[in-house]
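Open the model in your viewer and keep the selection panel at hand. The stops below say what to pick next and what is there.

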There are 2 protein chains.
Amino acid sequence: MSMVREPDERKASAARARFDRLYATLRDRICLLEYPPGTRLSEEALAEEFGVSRTPLRRVLGWLESQGLLKSVHGVGTIVTDVDIEELTQVYQLRMELAELLGKLSPIMPDAKTLAQFHDIHKRSFDLVAHPDARTFARLNMDFFQLHLSLTGNEPLREISERLYIQTSRIWLKLTSAKELPEEIAYFSREIADILAAVEIGDLEAAGFIRRSHISMSFTRLKKLSK
Amino acid sequence: MSMVREPDERKASAARARFDRLYATLRDRICLLEYPPGTRLSEEALAEEFGVSRTPLRRVLGWLESQGLLKSVHGVGTIVTDVDIEELTQVYQLRMELAELLGKLSPIMPDAKTLAQFHDIHKRSFDLVAHPDARTFARLNMDFFQLHLSLTGNEPLREISERLYIQTSRIWLKLTSAKELPEEIAYFSREIADILAAVEIGDLEAAGFIRRSHISMSFTRLKKLSK
DNA sequence: TGCTCGGTTGTTGTGTACAACACCACGGCG
DNA sequence: CGCCGTGGTGTTGTACACAACAACCGAGCA
């Protein structure tokens with residue numbers, strides 16, 4: 001996964017490189033539920049783990065907080081945020097619209113390498129169906145999302161879509177219990193196949209609609225689960 | 001204008017209140033071109049001005065950087081970002097789509113107070129036509145935008161729209177020279193009247209389309225100017 | 001004259017000690 | 001027995017000194 005802003009700064013200073021590394025690490029831990037919502041992080045413990053002082057670490061936590069993944073409270077701690085079902089509904093409604101826009105605004109026809117990546121993801125999804133695992137699923141989901149984003153040349157749209165995805169994917173993952181996991185994985189594998197078919201013939205607008213419909217169905221299943 | 005996240009925390013601690021104050025102040029200075037793009041800010045000077053040490057100030061600067069308004073470079077300084085015409089194009093395309101969504105996703109019918117605020121903005125726009133002034137224009141533009149956002153109940157959409165607006169409105173303001181100012185103010189006043197008409201009869205979807213068309217025309221004029 | 005190199009200055013980044021704050025448990029008191 | 005206050009403990013917030021870094025300038029040299 002890439003950074004939110006300026007992911008590929010060449011000649012990045014050592015300080016910035018370290019910042020990016022810490023940021024990506026902590027963000028992934030939150031997104032992959034290694035730090036589930038409600039977890040209280042200790043600045044000092046993290047600083048020690050990464051071998052830095054609290055100061056640069058706090059800079060990273062500040063960015064994560066500005067993205068809505070953390071919330072620091074004076075005298076209490078730094079807590080991984082949770083999202084209630086109402087806010088989740090709003091984000092999903094918005095993500096559906098943005099998925100459609102992904103196929104409309106500055107679509108980028110996939111080159112051979114991108115297509116190969118799609119096929120790779122597709123293959124990995126088959127392996128996942130055979131051997132369901134929550135964490136592998138989460139990782140594949142993230143990779144697929146990132147790859148999907150590369151189909152639009154509209155950078156602000158990519159940024160915003162990623163932001164919303166990061167805020168909510170972990171909540172969806174949390175609500176999906178082990179019992180429904182194989183079923184969800186099957187749906188996901190099907191989605192990849194559908195989108196791959198559209199991407200292969202270069203119909204990115206269709207891919208957007210397919211993605212939209214899958215987001216919609218995914219959320220409908222989620223609502224049924226949380227009842 | 002409101003904060004990006006959690007604007008109305010009740011029982012906010014003194015530390016958080018100070019943070020919000022500094023953040024809003026600096027953000028407004030950047031948006032109102034008090035700090036034009038390219039300006040190099042000094043952490044120490046700002047810290048002294050606000051009567052705090054560099055540490056809490058750096059927290060504020062970090063948030064502004066994560067929003068894309070600043071960029072800190074080690075050994076050089078903290079620079080107010082600029083946006084090139086290409087990125088501006090992408091943001092405008094996206095903002096047009098989002099304006100349409102504002103009238104579709106969870107529209108909130110304006111109450112009497114909100115309507116009164118619209119009328120107030122409308123009146124202020126007339127005063128502005130009579131006495132054109134860049135800074136007053138910028139402020140009114142921001143106020144109108146915020147008021148417009150209150151027409152949707154979709155909080156993530158509000159957040160994202162505000163983010164894009166803050167990133168680009170100052171660039172548009174910068175490119176609009178004094179010569180075209182009265183003309184732009186006239187267009188703006190007209191837009192307010194149009195949207196007010198739609199809002200008064202409760203047709204928020206129409207308001208979204210009107211806003212979209214005005215954003216489109218505004219950007220077309222901007223491209224003509226920058227040629 | 002033109003170029004290179006090193007010092008100087010100003011900036012952001014980092015480490016550390018301390019202050020402010022919230023939670024909790026324990027003891028005193030009604 | 002129940003309640004309130006008070007101190008202990010752990011956390012984030014703040015201040016400050018110093019390190020790392022980049023730009024600038026001017027002296028020295030070819």
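Start at A:Leu64. Setting aside neighbours within four places in sequence, A:Leu64 is in contact with A:Leu26, A:Arg27, A:Leu69 and A:Leu70. Contact here means C-beta atoms, placed from the backbone, within 7 Å.

Before going on, some ground rules. This is a predicted model, in which local features need pLDDT of at least 70 and side-chain atom pairs count only at pLDDT 80 or more, while totals for chains, interfaces and linings use all residues. Residues are numbered from 1 along each chain as its sequence is written, and chains are lettered from A and ligands numbered from 1 in the order in which they are written.

Buried means 20 or more other C-beta atoms within 10 Å of the residue's own, exposed means 12 or fewer, and partly exposed lies in between; C-beta atoms are placed from the backbone.

**Confidence.** Chain A averages 93, and 95% of the residues score at least 70. Now select residues 1-10 of chain A: pLDDT stays under 50 there, and the model has 12 contacts beyond four places in sequence for them. Where pLDDT is low, the predicted coordinates should not be read in detail.

**Chain A against chain B.** Which elements of chain A give two or more residues to the side that touches chain B? The contact takes 24 residues from chain A and 24 residues from chain B. On the chain A side, look at helix 3 (54-66), helix 4 (85-102) and helix 7 (155-175). Helix 4 of chain A has the largest share, seven residues. Helices (H or I, at least four residues) and strands (E, at least two) are DSSP runs, numbered from the N terminus. By class, this side has 10 nonpolar, nine polar and five charged residues. Ala, Val, Leu, Ile, Met, Phe, Trp, Tyr, Cys and Pro count as nonpolar, Asp, Glu, Lys and Arg as charged, and the others, Gly among them, as polar.

**Symmetry.** Superpose the chains. A rotation of 180 degrees with 0.0 Å of shift along its axis puts chain A on chain B, RMSD 0.1 Å. That is the relation of a two-fold axis.

**DNA strand D.** Select the 22 residues that surround DNA strand D; the closest are A:Glu43, B:Ser53, B:Thr55, B:Pro56 and B:Gly75. Near means a C-beta atom, placed from the backbone, within 6 Å. Helix 3 of chain B gives the most, with four residues.

**Last stops.** Pick A:Ile85, in helix 4 of chain A. A:Ile85 counts as exposed, with 12 C-beta neighbours inside 10 Å. Then go to A:Ser106, in the loop between helix 4 and helix 5 (112-130) of chain A. Its phi is near 45 degrees, a positive value in a residue other than glycine.

Terms used
Contact = placed C-beta atoms within 7 Å. pLDDT = per-residue confidence, 0-100. Least-squares fit on C-alpha atoms with pLDDT ≥ 70 in both.
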